[in-house]
Amino acid sequence: MKKSKTVTILGATGSVGQSTLDLILRTPDKFAVEALTAHSDVEGLAKAARATSAKFAVIGDPSRFDDLKDALSGTGIEVGAGEDAVIEAALRNADWTMAAIVGCAGLMPVMAALEGGKTLAFANKEALVSAGSLMIDAATRSGATLLPVDSEHNAIFQCLDQSAPKGVHRIVLTASGGPFRTTPLEEMARATPAQAVAHPNWSMGAKISVDSATMMNKGLELIEAHHLFAMPADRLDVVIHPQSVVHSMVEYADGSVLAQLGPADMRVPIAHTLAWPERMDTPCERLDLAAVGRLDFMAPDYLRFPALKLAREVMIAGGPAPAIMNAANEAAVAAFLAGTIAFGDIATVVARVLDRYVPADPISLADVLAIDSEARRVASALMESVVA
Ligand code: NAD
Ligand code: MG
């Protein structure tokens, strides 16, 4: 690896952001940090900026600007605040930029980085679900490189035979099934936020943990794979694999299936993108298949996981549906985490918003943002009427 790669992390205080920082701080001679951003965690951002001697630290919430200035005074680290400053961070000169903001809030900085022709390590699946073809078109126009970070998509990326792309017959995403794979359905419908975020295999942020419990996460990932790998919907499948050892598979025309295996630690796929096209060491526990003993696979249960069925229909429908589904899901998950709706209501809210709100196909980023905000408004109104 080249001695010093300059890196920027959008969403540095989150779960993926912290795993990225962990790898960078272990090999400080190999990486120089250009910019770090966070939404409102001034303390976490300032700590990371000091530890990495970042050049630029940005807090998304402008009301925290003075606190950030105080926290970094005397360090010489440049500070910024607000959405425009996050976009400026995305456009800074860096060899590698990590997109790890959660939700559609990351769409503008991601688009800016893609239009700027950056090498983007990509975790922020909600942005791609909402603005799929616009994002891929922007990357194609500018020559930007998208390196998939999501463990399934990183596995697929590693298994794709670049010499024969037309030979791919099918892509199979693995899914753990989350914490409620075998919970009685009535109990699952009443699950608390604490139960929903307790993922059996992965340690992640709250939103994606709830998405894993409803399996909306796998639905978002189907749409993510559809765009990242230009794969038609009927060639994308999901298989439940509770051990999270096989991270996904690519099946070829001749019947060969290539899979990537590894520990359930996000530092593995992050390291793959960080060192790409080379490889780097990680401190992750090595996979010991004899200790794992057995690997199980089963078909997903659409009755238990209606969000997965919905997402597949949305992928096939295309148009504004993915942006609506994503926004309604973000609103419903936030309401569930705040204790205002039940776990079992999340998929129902998303389905109802998709029924009620039928806008024209988005053809610009402004259209996507307008659909996103209207879908959130429809979801909130619906949830208020349910609660009232
Ligand atoms: P997280 O909630 O732990 O962190 C989110 C980060 O985004 C934080 O740094 C936060 O400050 C920032 N952020 C939140 N709202 C923002 C806003 N409005 N403006 C600017 N910044 C904002 O989330 P996470 O689990 O790290 O997930 C990040 C993304 O990566 C998500 O899209 C998720 O689906 C994806 N992902 C995560 C994992 C995982 O293991 N955590 C795995 C695969 C994919
Ligand atoms: Mg994943």
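Buried, in my notes, means under 20% relative accessible area. I'm working on a predicted model, so everything below is read from that.

**Magnesium site**

I started with the magnesium ion (ligand 2). I looked up its protein donors and got Asp150 (OD), Glu152 (OE) and Glu221 (OE). They lie 2.1 to 2.2 Å from the ion. Next I checked how these donors are spaced along the chain, and the pattern came out as D-x1-E-x68-E. Then I asked myself: are Asp150 and Glu152 buried or exposed? Asp150 is buried, and Glu152 is too.

**Asp372**

I moved on to helix H17, where Asp372 sits. Its relative accessibility is 8%, and because the cut-off for buried is under 20%, I put Asp372 down as buried. Which side chain does Asp372 pair with in a polar contact of 2.8 Å? I found that of Arg376. I then skipped the neighbours within four places in sequence and listed what else Asp372 is in contact with: Cys104, Asn326 and Ala327.

**Ile363**

My last stop was the loop between helix H16 (345-356) and helix H17 (365-387), which holds Ile363. The relative accessible area of Ile363 is 71%, and since exposed means over 50%, I logged Ile363 as exposed. I also looked up the distance from Ile363 to Ala131: the two are 232 residues apart in sequence, and I read 9.4 Å between them in space, C-alpha to C-alpha.

Methods
Residues are numbered from 1 along each chain as its sequence is written. Chains are lettered from A and ligands numbered from 1 in the order in which they are written. This is a predicted model: local features need pLDDT of at least 70, side-chain atom pairs count only at pLDDT 80 or more; totals for chains, interfaces and linings use all residues. Side-chain values use heavy atoms; hydrogens and water are left out. Donors are N, O and S atoms within 2.8 Å of the metal (3.2 Å for Na, K and Ca); water is not among the atoms, so sites may look incomplete. Buried means under 20% relative accessible area, exposed over 50%, partly exposed in between (1.4 Å probe, protein chains only). Helices (H or I, at least four residues) and strands (E, at least two) are DSSP runs, numbered from the N terminus. A polar contact is a pair of N or O atoms within 3.5 Å; within protein, one must be able to donate a hydrogen and the other to accept it, and residues adjacent in sequence count only if both atoms are side-chain atoms. Contact means heavy atoms within 4.5 Å.
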